[in-house]
Amino acid sequence: MERWQGRVAVVTGASSGIGAATVKDLLKANLVVVGLARRLQRMEEYKAELPAEQQKRFYPYTCDVTSQESVDQAFNWIIKELDGVDILVNNAGVFKTGQAVTLDPVELQQVVQTNIMGVVYCTQRAFKSMKERNFDGHVVNINSVAGHSVIPNMNVYPATKHAVTAITEVYRQEFRGLQTKIKITSVSPGLVDTEIVPEYYKKSAPPMLKPEDVSSCILFTLSTPPHMQVHEITVKPLLGE
């Protein structure tokens with residue numbers, strides 16, 4: 001991780017779960033980290049618990065990834081204040097309980113807009129920053145095992161994660177075609193103990209991963225040498241489904 005020390009990492013969905021765990025691990029690795037999330041207060045709360053030196057390198061910023069205007073505002077601030085984006089972790093995601101045939105279309109649209117267009121909006125801005133500065137950065141998409149098979153009772157969620165699987169490969173081809181050495185990785189965890197999992201399900205759920213388990217995968221991909229690209233990491237709890 002030495003090559004990344006002092007570099008700027010942007011993590012979406014940074015107010016809790018995998019996003020918060022990733023922010024903390026990147027700070028421990030001596031990066032400058034911008035946390036993007038709608039819940040600014042949640043990020044400010046755990047920032048106050050960090051060591052003083054890490055607090056100086058953590059910048060929480062309010063952002064709704066479903067809104068291109070909100071994403072542009074956040075990335076404009078990052079580029080102005082911190083000179084650019086070197087790492088992007090597309091972690092923001094939502095899940096709604098219910099069936100695709102009966103759920104309120106507004107809720108379904110929120111899932112699609114967050115899980116797909118949030119990735120698109122943020123990746124465009126991060127890639128532009130990396131390309132303009134001729135910097136070989138890294139984009140990590142937090143995917144899901146539901147992005148590789150259709151899991152029952154998850155309505156449009158698997159469809160959005162299959163889209164993440166596809167768009168990760170699209171980006172890999174485009175990054176290469178544009179003669180850059182920017183890396184792209186999909187990290188696909190099984191069930192993770194985060195707020196996205198309904199409380200009623202947790203009571204009878206099989207073993208779950210911890211957010212820190214997924215963050216460790218992200219840091220592994222970032223630690224690879226320049227000539228090596230991890231396309232996909234799938235990680236599941238040992239005794240899970």
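Is Cys122 buried or exposed? With a relative accessibility of 0%, Cys122 counts as buried, where buried denotes under 20% relative accessible area, exposed over 50% and partly exposed the range in between (1.4 Å probe, protein chains only). The model is predicted; local features require pLDDT of at least 70 and side-chain atom pairs pLDDT 80 or more, whereas totals for chains, interfaces and linings use all residues. Residues are numbered from 1 along each chain as its sequence is written, and side-chain values rest on heavy atoms, without hydrogens and water.

A disulfide is taken as a pair of cysteine sulfur atoms within 2.5 Å, and by this rule zero disulfides are counted. For Cys122, the nearest cysteine sulfur belongs to Cys63 and is 5.7 Å away. Cys217 is also buried, at a relative accessible area of 12%.

Nonpolar cores were defined as sets of buried Ala, Val, Leu, Ile, Met, Phe, Trp, Tyr and Cys residues joined through side-chain atoms within 4.5 Å. The largest comprises 33 residues, and those with the most contacts inside it are Val23, Leu26, Leu31, Val33, Phe58 and Ile142. Elements that each supply at least two residues of this core include helix 1 (17-28), strand 2 (32-37), strand 5 (138-142) and helix 8; helices (H or I, at least four residues) and strands (E, at least two) are DSSP runs numbered from the N terminus. Another core, of 29 residues, lies apart from it and has Val71, Val119, Met130 and Ile184 among its members.

Thr221 is located in helix 8 (residues 211-222) and is buried, its relative accessible area being 0%. Leaving aside residues up to four places away in sequence, Thr221 touches His138, Val140, Thr185, Val230 and Ile233 (contact: heavy atoms within 4.5 Å).
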